[in-house]
Amino acid sequence: MAAVLVESLQELSLNEPPAKEDTMAVHFKIAGIGSFELELASDVAVRDVKKFAKEQCNIEPEHMRFVYKGRQLKEADTLECYDAQGDEPVQLFFTAGHVAMMGGVGGTGGGRRANVPPQRNPFSAPVRGLPGSKGLRSSRVSGRPGGMALIRKYGILMKRQEFREKAEEIGFVKYR
């Protein structure tokens, strides 16, 4: 009787049996940079996938947006909608944070102007006619004042050299 009891106690364990996870290879594509694959379980939340993707693409999770089949994946969504047999990748888009979009400095002197309030909406350029408005336009990438070398079309607000570096990442195609 004691031997049977010892055998039954040895079979008991505090560890749960390993759950059978259905992992799949998820293909990610970043416009202008390239693509990569991650082995993930289908029930992983998008917020966790962003942390795994950071190691591959060196983009902070809070600056990532995932789009799959034309639908933006929310933070709480899972990858259950992903079709592993299909050839459509998950698009990864980089979005600058609100601090980067507002720029770092305000005037040509390197600091804020005394009587001009800070620009709150990063998507609108300062209004024409304000004194010093050209000097108040700063780059979204470096935060440096742009003056005449700032590309303002489509609300880009980047210095010319920065735009040349980032144009392909943003999605612009050079035809010449």
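Student: What makes the 2.5 Å pair between the side chains of K50 and E75 a polar contact?

Tutor: A polar contact is a pair of N or O atoms within 3.5 Å, one able to donate a hydrogen and the other to accept it; residues adjacent in sequence count only if both atoms are side-chain atoms. The side chains of K50 and E75 are joined at 2.5 Å, so the pair qualifies. This is a predicted model, in which local features need pLDDT of at least 70 and side-chain atom pairs count only at pLDDT 80 or more, while totals for chains, interfaces and linings use all residues. Residues are numbered from 1 along each chain as its sequence is written, and side-chain values use heavy atoms, with hydrogens and water left out.

Student: Why is K50 called buried?

Tutor: Buried means under 20% relative accessible area, exposed over 50%, and partly exposed in between (1.4 Å probe, protein chains only). K50 has 5%, so K50 is buried.

Student: Which residues does K50 touch, not counting those up to four places away in sequence?

Tutor: They are P61, M64, F66 and E75, where contact means heavy atoms within 4.5 Å.

Student: How do you know that the buried residues of α5 line one face of the helix?

Tutor: The buried residues of α5 (residues 160-170) are E162, F163 and A167. Seen down the axis, they fall within an arc of 135°, so they line one face; the arc is that of the directions from the helix axis to the C-beta atoms. On the other side, R164, E165 and E168 are exposed.

Student: What do the buried residues of α5 pack against?

Tutor: They pack against β6 (150-151) and β7 (158-159). Helices (H or I, at least four residues) and strands (E, at least two) are DSSP runs, numbered from the N terminus.
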